[in-house]
Amino acid sequence: YRYTKDETYLEHARKIASFILDHPRMPEDMIPYWDFDAPDIPDTFRDVSAASIMCSALIELATYCTDTDERYIDVAEIQLRALSSPQYTAAVGTNGGYLLMHSTGNFPKSREVDAPLSYADYYYLEALLKYRDNFLK
């Protein structure tokens, strides 16, 4: 939608957001489990990388839908607070230099489980910048 301004893309993004935000197994802090349908919820791993991507997308979506649904920015703010908390942000000098902890890359193959991931940090920083540029004026 950002490039085409085709409302079809915006409507599809809103449907995806609704699916995620209304999912009955989304945790209160909005940091999703590695799989919404994992059999051992709520004791399964979280996926901070998914939360970072969602957060960045929700902030951008909020810039296009400001008059219709404040839920996007409300949830993004919950995610930013959670991601910035000691529960998910590593102490300086730990975690191999990564900012965020507790991402899940490929749980079924036991790869990158409860691990730092570069793209989690990337989308987290992107979300922070989008938030600063659009909502902290």
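Visitor: In which helix is the place of I53?

Guide: This is a predicted model, in which local features need pLDDT of at least 70 and side-chain atom pairs count only at pLDDT 80 or more, while totals for chains, interfaces and linings use all residues. Residues are numbered from 1 along each chain as its sequence is written, and side-chain values use heavy atoms, without hydrogens and water. Helices are DSSP runs (H or I, at least four residues), numbered from the N terminus. Within residues 48–64, I53 belongs to helix 2.

Visitor: What is the relative accessible area of I53?

Guide: Residues are classed with a 1.4 Å probe and protein chains only (buried under 20%, exposed over 50%, partly exposed in between). I53 counts as partly exposed, its relative accessible area being 36%.

Visitor: How many aromatic pairs are there?

Guide: Rings of Phe, Tyr and Trp (its six-membered ring) pair if their centres lie within 6.5 Å (planes under 30 degrees apart are stacked, over 60 edge-to-face, the rest tilted). By this rule the count is 6.

Visitor: Why is the pair of F19 and F36 edge-to-face, and how far apart in sequence are the parts tied together?

Guide: The ring centres of F19 and F36 are 6.5 Å apart and the planes stand at 75 degrees, so the pair is edge-to-face. F19 lies in helix 1 (residues 7–21) and F36 in the loop between helix 1 and helix 2, so the pair ties together parts separated in sequence by 17 residues.

Visitor: Is F36 buried or exposed?

Guide: F19 is exposed at 54% relative accessible area. F36 has 17% relative accessibility and therefore counts as buried.

Conventions:
Helix = DSSP H or I, 4+ residues; strand = E, 2+ residues; numbered from the N terminus.
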